[in-house]
Amino acid sequence: LDMENDQGYVELSLRSASQEKSWADLEAKRDSGDIFPTQILEANKGGVIVRVAGISGFLPVSQLSAEHYPRVEGGDKQRILERLRQYAGKFFNVRIITADRREGKLIVSEKAAMTREMEDALMTLKEGATIEGTVSGIVEFGVFMKFAYQGQELEGLAHISELAWQRVDDPNEYVKVGATVKALVLNVEKTRISLSLKRLRPDPWLTVEEKYKVGGQVEGEVLKLTPFGAFVKLDEDIHGLAHVSELSEKEGVRPEDVLKAGEKRPFYIISIEPVEHRLGLSLKPDAKPKEKKPRAAKKSSVSAEKKSPA
């Protein structure tokens, strides 16, 4: 540390030498892509703390494997922290993704610590493939699904917008944990697999104008009331929206003043937009059909409407 200190001695440090050696070992592991076990020491809201070769490191929540990812409905941070604290003392296989000696930053990933066989399976899993698996978890933004592929257990996510052609507010109302389902592979990006349940069925909006006509009257079931209107179920696949301005001739009327969730009422169809998957409804007898917007070219690729988790 010092060629000559105040007493005239060469000053040495075993601790600094040990840290230098540790960082050299960490950099070598990073460069080689070694997979090794490390013990979880403690947790915070962003992930868990580990120690590798005497150096404290961080394993972010986003880098946990599907098995250990804390699936908490509503994303409650306190419940996520409680789930992460349960891992203290356990050993996870990890791979180093950042080892910055100058900044003293060490970040590891459990997700990246895959076997060569799993990497090969992900490499061959292609967009457009149909897989069958089991619902392994449900969160507010979608559904996790485990499935076997080339002898490996993989897991993907179907975003809430990819569960059904109609509006889905709560994935729990559409599927249950443990259910066997089929899905279409939308995209494979590194370890992230995006799935779709709805695209294995024909898009009902492509033929919606054969079933419903602007200006016609149809009976619908009120599904949900919001400050801006009411969502209405016309059939199992087609849902429409009655804007608050179309519920009454009176001004300042709230949706709950006119409708109740679960009741069936006759509505007038004032607009149909198949490409946007929108259908406008009104309770007003003299409701005027809305001017139809020009059709936009619809993207045909299964990856055209990719949705990713937050």
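This note reviews the aromatic rings of the structure and the charged groups over them.

The model is predicted, so that local features need pLDDT of at least 70 and side-chain atom pairs count only at pLDDT 80 or more, while totals for chains, interfaces and linings use all residues. Residues are numbered from 1 along each chain as its sequence is written, and side-chain values use heavy atoms, with hydrogens and water left out.

1. Aromatic pairs. The whole structure contains 4 aromatic pairs. Rings of Phe, Tyr and Trp (its six-membered ring) pair if their centres lie within 6.5 Å; planes under 30 degrees apart are stacked, over 60 edge-to-face, and the rest tilted.

2. Tyr87 and Phe92. These residues form an edge-to-face pair, at 5.4 Å centre to centre and with 65° between the planes. Tyr87 is buried at 9% relative accessibility, and Phe92 is buried at 2%. Buried means under 20% relative accessible area, exposed over 50%, and partly exposed in between (1.4 Å probe, protein chains only).

3. Phe228 and Phe231. Another edge-to-face pair joins Phe228 and Phe231, with 6.0 Å between centres and 85° between planes. Phe228 is partly exposed, at 41% relative accessible area, whereas Phe231 is buried, at 13%.

4. Charges over rings. Arg167 lies over the face of Phe231, 4.0 Å from the ring centre. Lys29 lies over the face of Phe36, at 4.7 Å from the ring centre. A charge sits over a ring if NZ of Lys or CZ of Arg is within 6 Å of the ring centre and within 35 degrees of the ring normal.

5. Aromatic cluster. Tyr69, Phe141 and Phe144 belong to one aromatic cluster.
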